[in-house]
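Thanks for coming. I will take a few minutes to go through one protein, and you can follow along on the screen.

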Amino acid sequence: MSIRQACTFYNISKTTLQRWLENQVIKQTRDKPPNKITNKLLLKEVTQYPDDYMYERAQRLGCSKSGIEIALKRLGISQKKYLGTSKNVSDEKSDVSK
């Protein structure tokens, strides 16, 4: 009997059944490939415009900022840790030395 069948048969939730089972077999990940922001497109975008903000990427790709954030996390790309300044302030005005 599958987990869904057991839940409907006993009239309990999946969470309750998960807690009862020693081996939790309900999968929490997604098997479906990304359809709006593909990995290939996002990697090309990141290499072409490495210093852009997420909202700028979202405008170019036609999606939301949170969608870009999730896609970058999916690829393992994190925020760049740069001790300089943002692109609005020149390095001469900042207190950080190179």
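The lining of the second largest pocket is made up, by class, of five nonpolar, three polar and four charged residues. This is a predicted model, so please keep that in mind throughout. How many residues line that pocket? There are twelve, and those nearest its centre are I37, G67, I70, A71 and R74. The space inside the second largest pocket is about 210 Å³. As for how such space is found in general, rolling a probe the size of a water molecule over the atoms shows where empty space is left.

Now the overall layout. The protein has five helices and zero strands. Along the sequence this reads α-α-α-α-α. The protein has 98 residues, and 18% of them count as buried. Its accessible surface is about 8,500 Å², with 53% of that belonging to carbon and sulfur atoms. Looking at contacts in the protein with a separation of 6 or more, 40% of them are between residues 24 or more positions apart.

E45 sits in helix 3, which covers residues 39-48. Is E45 buried or exposed? E45 counts as buried, because its relative accessibility is 7%, and the cut-off for buried is under 20%. Which residues does E45 touch, once its neighbours within four places in sequence are set aside? The answer is R57, R60 and L61.

Then the loop between helix 1 and helix 2, where N11 is found. N11 has a phi near 55°, which is a positive value in a residue other than glycine. With a relative accessibility of 69%, N11 counts as exposed, since the cut-off for exposed is over 50%.

S13 is in that loop as well, between helix 1, residues 3-10, and helix 2, residues 14-20. S13 has a relative accessibility of 38%, so it counts as partly exposed. What does the side chain of S13 pair with? A polar contact of 2.9 Å links it to the side chain of T16. Looking back along the chain, I3 is ten residues away from S13, and the C-alpha atoms of the two are 9.9 Å apart.

Definitions and conventions
Residues numbered from 1 in each chain as written. Predicted model: local features only at pLDDT ≥ 70, side-chain atom pairs only at ≥ 80, totals over all residues. Heavy atoms only, no water. Helix = DSSP H or I, 4+ residues; strand = E, 2+ residues; numbered from the N terminus. Buried < 20%, exposed > 50% of the residue type's maximum accessible area, 1.4 Å probe, protein only. Contact = heavy atoms within 4.5 Å. Areas by Shrake-Rupley, 256 points an atom, 1.4 Å probe, with all protein chains shown as cover. 1 Å grid on protein atoms, 1.4 Å probe; cavity = no way out; pocket = protein on both sides within 12 Å on 5 of 7 lines; lining within 4 Å. Points joined across faces, edges and corners; volume = space filled by probe spheres on them. Nonpolar A, V, L, I, M, F, W, Y, C, P; charged D, E, K, R; others polar. Polar contact = N/O pair within 3.5 Å; in protein donor to acceptor, adjacent residues only side chain to side chain.
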